[in-house]
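Hi there,

Here is the structure I promised to pass on. Have a look at it first, and then read on for my notes.

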Amino acid sequence: MKKLCMLTVLFLALTCAIVCCSAGVTPLTFFAALRSSALAAAAPQDATRTSDSPSSAAPSMQTQTRGVWVATAYSIDYPAQPTTDADTLRTECRTALDRIAASGANTVYFQVRPSCDALYRSQLFPWSRYLTGTCGTAPSDSFDPLAYWVEQAHARNLRLEAWVNPYRICAGANAQSDFDALPDSSPAKQHPDWVVSCDGGYYFNPGIAEVRQLICDGVSEIVSKYAVDGIQFDDYFYPSAQFDDAAAYQASGSNLPLADWRRDNVNQLVQAVNTAVHQNAMQAGCRFGISPSGIWRNRGANAFTGSATHGFEHYSSSYADSVTWIKNGWIDYICPQIYWQIGDTAADFQTLANWWSHQVRGTDVQLVLGLAAYKIGDSQYGDVWANDGCGEIGRQLDLTAGIQDIDGCALFSYQNLRGNDTLFQTVQERWK
């Protein structure tokens, strides 16, 4: 029926064209009308999705992304200190979202699975130690942080995406004691053969099919139970080239070189998660995005299409081929963490902003740039960040607003927006 309607519209339009052209109507006007008629005929007859749930109040992405990350690992943003007290957790949530909404932001990336754990009621992962202080211990009053954050974000016309760290189990100075303290219900304890110790931390092995399935199942659990507006992975994939995956590599029987095999493992996960999100999401328009480190590859003899930079590249260092994800449409958006200043000699912000804009051009993948608000006032990052960090963020926001194919920016992280009124005003002037 749709094809018949299309043919009818085209026949009538071509007939009208003869009359219109003889009457002096320009070809541009005619073909614009022809395109509009064809699109109207091709459109679904009922594209409206109704819902009785509060999730229907979530905002659309008709405007550019103005995002803020809310980190839960290491008490960076939420909660201020681990606690089981539900009232405290609710209050901190509302305070954070009020501040974020007042800044003009429209998107929150809320870290719900920082380390093989959960800030939501999960059948697969234990409650996070970053939430309550003890892995496996739930908050009081059957409180579910993710459900509450979604509800409160939507009430403020904010989108909320669930930020997931897929592979990390435990890392940092206390990695060993944190691993030992994992409850027996943890997938890491139930399947020790899936776990690799690397650089003092513990990680799931990306080369094991069952690991990829666990991550997909975890994503499906989130998007099918909660009205989140998206799933975001951060920049942690393979932790280093010294990752001990020789047994998995041999067992795979792959003919690929080790580095390509690792990248293929990540690619398989990205494709599978993309499918899981779009097949299982309860929220219309739920997206899947990834926020890798800011450099794909440095331009050189083996990477003619890389950026004119000299820094950590995720293609060869963490085996994440983000350009392949973009070109194949395996993600809805990419959010590279361009955490350098404009004019940086190793990795100039403007150079990278333009380079990434070219990667998404002509694709359906949106580009959001991650900005390093965490560097403001810190002398270890140089004079610009130490003395004029807020001004630098303002300049970056102004710069990106003028570059084609950049769909917005995101700030890492909420604590900087909360504790710095000058940054808040700088952002608000551009986002309100």
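A salt bridge here is a side-chain nitrogen of Lys or Arg within 4 Å of a carboxyl oxygen of Asp or Glu. Please keep in mind that this is a predicted model, in which local features need pLDDT of at least 70 and side-chain atom pairs count only at pLDDT 80 or more, while totals for chains, interfaces and linings use all residues. Residues are numbered from 1 along each chain as its sequence is written, and side-chain values use heavy atoms, with hydrogens and water left out.

**Salt bridges**

Searching the whole structure gives 14 salt bridges. One of them joins the side chains of Asp-144 and Arg-121, with 3.5 Å from N to O. Asp-144 sits in the loop between α4 (129–132) and α5 (145–155), and Arg-121 in the loop between β2 and α4, so this pair ties together parts that are 23 residues apart in sequence. Helices and strands, here and below, are DSSP runs numbered from the N terminus (helices: H or I, at least four residues; strands: E, at least two). Asp-144 is buried, at 8% relative accessible area, whereas Arg-121 is partly exposed at 35%. For these words, buried means under 20% relative accessible area, exposed means over 50%, and partly exposed is in between, with a 1.4 Å probe and protein chains only.

Asp-260 pairs with Arg-263, and their closest N and O atoms are 2.8 Å apart. Both residues belong to helix α10 (residues 258–280), where they are three residues apart, about one turn of the helix. Which of the two partners is buried? Arg-263 is, with a relative accessibility of 8%; Asp-260 is partly exposed at 30%.

Arg-395 and Asp-388 also meet through their side chains, at 2.9 Å from N to O. Here Arg-395 is partly exposed with a relative accessible area of 36%, and Asp-388 is partly exposed with 34%.

What lies alongside β3? Strand β2 (residues 107–113) runs parallel to β3 and is joined to it by six bridges; two strands count as paired if DSSP finds at least two bridges between them. Gln-111 has Trp-163 in β3 as its bridge partner. Strand β7 (residues 230–233) is also parallel to β3, with four bridges between them, and there Glu-161 has Gly-230 as its bridge partner.

**A three-stranded sheet**

There is also an open sheet of three strands, in the order β4-β6-β5 and with antiparallel pairing. Its edge strands, β4 (168–170) and β5 (195–198), each pair on one side only. Between β4 and strand β6 (residues 201–204), the antiparallel pairing rests on two bridges, and Arg-168 stands opposite Tyr-203 in β6.

Enjoy looking around, and write back with any questions.

Best wishes
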